[in-house]
Amino acid sequence: MKNKIEQLAYKTIASIIFDGAKVLDLGCGAGDLLDYLCTHKNINGQGLDISQDAISNCIQKGLSVFHSDIENGLDAYPDQSFDFVILFNSLQEIKNVDSIIEQCFRIGKKLIVGVPNFGQLHSRLKLLFGYSPVTKHLPYTWFNSPNIRFLTIKDFYVYCAMRRYKILDAFFFALDKPVNFLPNLFAYTSVFVISK
Amino acid sequence: MTLCGHQIFSFDNLCLTSKKTIQKVDIAYETWGRLDNQKSNAILITHAFSGDSHAAKNEGNKQDGWWEKMIGSGRAFDTDKYFIICSNVLGGCAGSTGPSSINPKSNKPYGLTFPVITLGDIVHAQKKLIDSLGIKKLLCVAGGSMGAMQSLQWAVMYPESIASAIVISAAMKHSPQQIAFNEVGRQSIMADPDWNDGNYYGSKEPEVGLAIARMIGHITYMSDKSMEQKFSRRLKENKFSFDFGGKPDFEVEGYLHYKGNSFVKRFDANSYLYITKAMDYFEVCAEDFCLQKNPKLKFLTIAFGSDWLYPPYQSQDIARQLKLKGYDASYCELKSTYGHDSFLLEIDIQAKLIKGFLNPLKK
């Protein structure tokens, strides 16, 4: 695991998921989260990623993974075949957000969405002084960022209300601890549990 | 034909998809590693179109095999852990019964009287071999290209007899393009006057037709990039010959001639016809897989980016169909410039994937 905030998020996701659940991690990377959930929650997990290195790392760990981009890969999964579909740090890189989320609800019962908060204080200050946000948790500059969606915690609430998705739970994290006071200002990242 | 070192498993009466029967069947096979007491560590390696049972060197044959670096101590198919079996396909010409074998009814080589076979028949014969070794369940069936199609066929026909299948650079069915290339190869053989309707045993063999068929095959096994890297436009003699029929001008021509000529020394033209036909007939679809018979059956599907003969989307679709059925099926597309040949050449990365995949299977 790379850093404290990620550890915290992993722990939180593990607390959401019940033992032995069927879990699909979209944009699973090298399989760290899946591995963590296998160890701590004995999940029946699968992953999907676009990177060859990520996928080959997962297969070397014995994980079940599918090499594809999210946009074109979801048709490989049967209806309602997962208890949880995870989009951890993936949503902000996706083009067709609406159709992907709808597909996720076709595949799984609940959706766990982890997104960085572009409304965090440091990002706001950067913008205030005339620069696009580059912070410890949003390390990319405009020319090398994989992120194409820049959303805040409030934005996500508004989105869920618009689409009539139920927010079952929400968790917000500062550097090494949860934050509940003005999360849209102080949290670097968030984890939402949503359903239809 | 020049190979030795294999063992022969013989049995009678193999009923074929075509409803015909082959009376006496020999299957040539080789093994590596040791079968454990529970007979639970066996892996069947299935060879590609022109391969044979000699996948790697062993006591009987010290020559390098076609998957030499994949089989052995510490390798992808680790002989310290697994018992590896590889057999020459039915219809082949490296020890197993095929069109060049003697027909017991006539005491002459079968030639075209050999019945047309399918990959299902090939796998049926392999199953009899595995039964004869007392193995109830294979840990894995693994192969590339036509070998991978056999892995899929195993999963369709004998799902309870395998714990996993590795499917590399293949498709669920031969596409019109793949059939077309095979047909050009067959027509090349049959247009050679020496082919003589398949009755050439004991006289001059259709070497020209078979060599041309092989040359076409080799083009489809490479990629434009690998050909550029390997040959570019380099000349054999540093100048144009301004001639036909003499020595080849370009290195790529010389390479194809060499590959064609060395192939005719080891391969039977009629086997070429029968095995390519079996590949062309191959088609499995999602409905053919019965999940209930073995819900734990696992698949690993691998493709290579530059393979245009069996493009990655076909391999991805195998995994997609299997996942939709409810199977645990992984898919990885690997970068390589070698084209279809990649599965024979990209050893290190395939070895890593295969080890990771097999490891949880062996308790």
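A: In this model, which is predicted, the side chains of Asp79(A) and Arg106(A) form a salt bridge, with their closest N and O atoms 2.7 Å apart. Asp79(A) sits in the loop that runs between α4 (70-73) and β4 (82-88) of chain A, while Arg106(A) belongs to helix α5 (residues 97-107) of that chain, so the pair ties together parts that are 27 residues apart in sequence. In general terms, side chains of opposite charge can pair when their charged atoms come close. Over all chains, the count comes to 17 salt bridges.

Another of these pairings crosses from one chain to the other. Between chain B and chain A the count is one salt bridge, and it joins the side chains of Arg320(B) and Asp75(A), with N and O 2.9 Å apart. Beyond that pair, nine residue pairs are found in polar contact across the interface of chain B and chain A, with both residues of each pair at pLDDT 80 or more. On the side of chain B that touches chain A, the elements that give two or more residues are α8 (312-325), β12 (328-334) and α10 (347-358) of chain B. Of these, β12(B) gives the most, with seven residues, and the residues of that side of chain B divide into eleven nonpolar, three polar and six charged.

The extent of this contact can be stated in two ways. Counted by residues, it takes 20 from chain B and 18 from chain A; counted by area, about 1,600 Å² is buried between the two chains, and carbon and sulfur atoms give 54% of it.

A search of the whole structure finds one cavity of 30 Å³ or more, and the volume of the largest cavity is about 50 Å³. Its lining consists of Ile59(A), Gly62(A) and Leu63(A) from chain A, together with Lys298(B), Phe299(B), Asp328(B), Ser330(B), Gly356(B) and Phe357(B) from chain B. The elements that give two or more residues to this lining are β11 (298-304), β12 and α10 of chain B, and by class the lining residues divide into four nonpolar, three polar and two charged.

Returning to chain A, there is also an open space to consider. The second largest pocket holds about 970 Å³, and of the 37 residues that line it, Phe88(A), Asn89(A), Ser90(A), Gln92(A) and Glu93(A) are the closest to its centre. At least two lining residues come from each of α1 (4-16), α2 (32-41), β2 (44-49) and α4 of chain A, with α1(A) giving the most, at four residues. The lining has 17 nonpolar, eleven polar and nine charged residues.

Gln120(A) caps the N-terminal end of helix α6 (residues 121-128), where a side-chain oxygen of Gln120(A) lies 2.7 Å from the backbone nitrogen of His122(A), and just after α6(A), Gly130(A) takes a positive phi of about 95°.

Definitions and conventions:
Residues are numbered from 1 along each chain as its sequence is written. Chains are lettered from A and ligands numbered from 1 in the order in which they are written. This is a predicted model: local features need pLDDT of at least 70, side-chain atom pairs count only at pLDDT 80 or more; totals for chains, interfaces and linings use all residues. Side-chain values use heavy atoms; hydrogens and water are left out. Contact means heavy atoms within 4.5 Å. Buried area is the accessible area (1.4 Å probe) that two parts lose on being put together, summed over both. A salt bridge is a side-chain nitrogen of Lys or Arg within 4 Å of a carboxyl oxygen of Asp or Glu. A polar contact is a pair of N or O atoms within 3.5 Å; within protein, one must be able to donate a hydrogen and the other to accept it, and residues adjacent in sequence count only if both atoms are side-chain atoms. Ala, Val, Leu, Ile, Met, Phe, Trp, Tyr, Cys and Pro count as nonpolar, Asp, Glu, Lys and Arg as charged, and the others, Gly among them, as polar. On a 1 Å grid over the protein atoms alone, a cavity is a set of points where a 1.4 Å probe fits but cannot get out, and a pocket is an open set with protein on both sides within 12 Å along at least five of seven lines; lining residues have an atom within 4 Å of a point. Grid points are joined across faces, edges and corners, and a volume is the space filled by probe spheres set on the points.
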